[in-house]
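The sequence and structure are shown below.

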Amino acid sequence: MDATVALSRSNPLILRLRHGPDLDAGDRALLADLSRCHRSLEPQQDIVRAGDVAAGVHLILEGFAFRYKLIDDGQRQIIGLLLPGDFCDLQSVVLGPSDHYIAALTACTIADLPQERVDSLVFRDSRLARALWWATLVDESILREWLASMGQRSADKRIAHLFCELLLRQQLVGAAGERDCPLPMTQPMLADILGITTIHVSRILRDLRVAGLIRLKDRRLHIPDVARLRTFCDFDPTYLHLVREPELGVGGDGIRHGS
């Protein structure tokens with residue numbers, strides 16, 4: 001198998017973008033080439049700091065990262081989770097200095113892309129420009145959904161909704177099974193995402209387990225009945241704007257997972 005073809009089939013960015021606008025083989029080869037130079041980060045290591053002027057764009061290849069803001073009293077609010085295939089800061093060249101922090105949640109592998117390289121891809125190919133624009137707009141849509149959750153959903157439905165989202169987003173890039181996925185967040189981190197106390201998170205997780213809606217083991221989330229959990233929290237994946245949803249029962253690795 002050609003090395004470029006093999007890389008594109010395992011590349012999380014390409015796997016994610018296949019659920020958005022159509023790309024041809026040439027586009028996928030160009031995107032695969034973006035990931036050839038990468039580096040590793042330790043958990044909690046900052047990728048971007050507030051006030052930084054970006055020299056380029058960062059792409060998550062492996063692991064989890066997160067966006068956060070620090071409030072005046074030192075409290076942290078997590079405002080986004082970044083998974084494999086997600087860009088951290090495509091908009092940085094337009095907005096200038098960052099207004100928030102981005103850090104590795106787990107050990108991460110990221111690609112650092114010079115802005116001129118991203119510009120050359122966007123300006124030469126309208127399909128690529130549309131695909132990257134789609135990725136940025138989906139990120140904004142996820143943020144709107146998180147804001148709606150914070151304002152209108154009860155805490156138990158808020159966390160269930162987050163779990164449904166994380167399962168689906170990881171399925172898009174082949175990192176999850178039909179009913180299970182990595183969940184590396186600690187309870188304090190979930191509290192920082194949901195805007196509640198760690199004690200409240202612990203109680204909600206216990207209640208969801210007792211109700212048979214979730215199981216947590218070895219930093220993995222298991223959802224015995226995905227449809228039931230989606231119904232419980234009124235999860236509607238429309239906000240992810242998927243042109244093509246992942247086939248149920250088949251992971252992104254192409255392996256059919258047991259029922």
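In this predicted model, helices α6 and α7 cross in a right-handed sense. Their axes lie 10 Å apart and meet at an angle of about 160°. With angles over 145 degrees counted as roughly antiparallel, α6 and α7 are therefore roughly antiparallel to each other.

Helix α7 also packs against α10, which covers residues 226–233; the two axes come within 8 Å and cross at roughly 135°. This angle makes α7 oblique to α10. The crossing of α7 past α10 is left-handed.

| Helix pair | Angle between axes | Axis separation |
|---|---|---|
| α6 and α7 | about 160° | 10 Å |
| α7 and α10 | roughly 135° | within 8 Å |

The structure contains 1 cavity of 30 Å³ or more, and the largest cavity holds about 90 Å³ of space.

Which elements each supply at least two residues of the lining of the largest cavity? They are α6, spanning 126–152, and α7, spanning 155–172. The largest share, 3 residues, comes from α6. Because domain 1 (10–125) and domain 2 (153–245) both give residues to the lining, the largest cavity lies between them.

The largest pocket is a further feature to consider. Its space amounts to about 640 Å³. A total of 34 residues line the largest pocket, and Arg67, Cys88, Asp89, Gln91 and His100 lie nearest its centre. Two or more lining residues are given by each of the strands β2 (46–48), β4 (65–70) and β5 (76–82), and by each of the helices α4 (92–95) and α6. For the largest pocket, the largest share of the lining is 7 residues, and these come from α6. The lining of the largest pocket comprises 17 nonpolar, 8 polar and 9 charged residues.

Definitions and conventions
Residues numbered from 1 in each chain as written. Predicted model: local features only at pLDDT ≥ 70, side-chain atom pairs only at ≥ 80, totals over all residues. Heavy atoms only, no water. 1 Å grid on protein atoms, 1.4 Å probe; cavity = no way out; pocket = protein on both sides within 12 Å on 5 of 7 lines; lining within 4 Å. Points joined across faces, edges and corners; volume = space filled by probe spheres on them. Helix = DSSP H or I, 4+ residues; strand = E, 2+ residues; numbered from the N terminus. Domains from an automatic or database assignment. Axes fitted to C-alpha atoms, helices over the stretch in contact; angles between N-to-C directions. Parallel < 35°, antiparallel > 145°, perpendicular 65-115°, else oblique. Left-handed = near helix turned anticlockwise from the far one by under 90°. Nonpolar A, V, L, I, M, F, W, Y, C, P; charged D, E, K, R; others polar.
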